[in-house]
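Here are my notes on the model you sent. Please read them with the structure open.

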Amino acid sequence: MQKTYLYAPGPTPVPSEALLEMARPIIHHREAEFKPVFESCRRDLQYLFQTSRDVVTLAASGTGAMEASVTNFLKRGDKALFVNGGKFGERWGKILKAYGCEPVEVAVEWGQAVDPAAVAAALDADPAIRAVYVQASETSTAVMHPVKALAAVTGRRPGVILAVDGITGVGVFDLPMDAWGIDILLTGSQKALMLPPGLAFVAWSEKAEEFLKTAGLPRFYFDLKAERKKQLENQTAWTPAVSLVVGLREVLAQIRAETLEGVFARTARLAEATRKAVAALGLELYAPASPSDACTAVKMPAGVDGQALKKALRSRFGVIVAGGQDQAKGKIIRIAHLGHADTFDVVTAIAAVEMALAGLGHPVTLGAGVAAALKVLNG
Ligand SMILES: Cc1ncc(COP(=O)(O)O)c(C=O)c1O
């Protein structure tokens, strides 16, 4: 017998209460019983996004909301800046290009956060740029980008909006949409929302509303104006992912009960404990300067291949972590903290990493990382 421990940054474990809710006989989305469920979700999504604006739910993975954040706000040929410091930043550029916009790249070394001054300089250099696209948390490198400072940069420019991919940021750390002046904020269901993949969410500001009015890119399924109109009536334009919406009501209620502050503090503690454990094991972080609390990227020591470590964790202990992608492949492993995670998830993950490293011939003092983690977790 071997248990499985899911510590990848999405999909993340689903609480049993949500699994049970989703296992109930399906309800019909055009019948009266759907409306109160959806209404409750809409209200709690505003709490999650820290906004008084409407949060639109889409049946899609997170990338669907990324695409909608381009097609509903820009016109063909529009210039848009995107921060490219990892796989998901790169995706903004690909979407912009696919829809005939002109992407302006601000390249960031993998493992580093973007410098808001570089974004401000790029905007100053080219007043035709209409939007800035960035990740709150670049999951591929475990970096947190400085969204508050970026919002201050775009906030001073009436003709520029800031779109933030909060797929591993919303419900992980503080991203108050209204207070900071984030113009478009989006996330997906399979991360901090503790649900299976299949739902995406997007909200936009009053400033972005003006862009919505003049948007000129092709769109049909992800038409935010049409969706919002229906969703204000607690309906959806197309068939919603009914069972996921039922699960959504449950997880949002759990987040409300813990409070956002509580969720952020718990996640931050798990991330901090992991970072301390990494240091105690003589290992390094891939993103030491601006680590995201969503997941920790651990650099592999000389002689250890990240893919081999990932494989050993899985086969020996049932522990699932993420490896590195592209240029980081084999060089890192990523351990998640977001969503349905607590104290003993860190203990388990670190203990397994210690044993797996030892098994691969890397010298480790068994328990050293766990002891450092416990100091944080027991505080
Ligand atoms: C920051 C970020 N953006 C975008 C995505 C893509 O989301 P999806 O795979 O749900 O389409 C992910 C998925 O891991 C992500 O972490």
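1. Which residues of S2 lie on one side and which on the other, and are they buried or exposed? This is a predicted model, and in it Val55, Thr57 and Ala59 lie on one side of S2, with Val56 and Leu58 on the other. Each of these residues is buried, leaving both faces of the strand covered. In a regular strand, side chains alternate between the two faces of the sheet.

2. The pairing of S2 is with strand S10 (residues 199-204): the two run antiparallel and are joined by 5 bridges. Within this pair, Leu199 of S10 stands opposite Ala59.

3. Val202 also deserves a look. Beyond its neighbours within four places in sequence, Val202 is in contact with Val56 and Leu58, and also with Ala65, Ala68, Ser69, Ile184, Leu186 and Leu224.

4. Val202 is among the residues with the most contacts inside the largest nonpolar core, along with Val132, Ile184 and Leu185. That core has 120 residues. Helix H13 (residues 343-359) gives the most to this core, 7 residues. Domain 1 (5-10 + 259-377) and domain 2 (16-257) both supply residues to the core, which therefore lies between them. In soluble globular proteins, nonpolar side chains tend to be buried together.

5. Turning to the ligand, 13 residues surround it, and the closest are Ser61, Gly62, Thr63, Thr139 and Ile167. By type, the shell around the ligand divides into 9 polar, 3 nonpolar and 1 charged residue.

Methods
Residues numbered from 1 in each chain as written. Predicted model: local features only at pLDDT ≥ 70, side-chain atom pairs only at ≥ 80, totals over all residues. Near = placed C-beta within 6 Å. Nonpolar A, V, L, I, M, F, W, Y, C, P; charged D, E, K, R; others polar. Core = buried A, V, L, I, M, F, W, Y, C linked by C-beta atoms within 7 Å. Buried ≥ 20, exposed ≤ 12 C-beta atoms within 10 Å, placed from the backbone. Helix = DSSP H or I, 4+ residues; strand = E, 2+ residues; numbered from the N terminus. Domains from an automatic or database assignment. Contact = placed C-beta atoms within 7 Å. Pairing = 2+ DSSP bridges.
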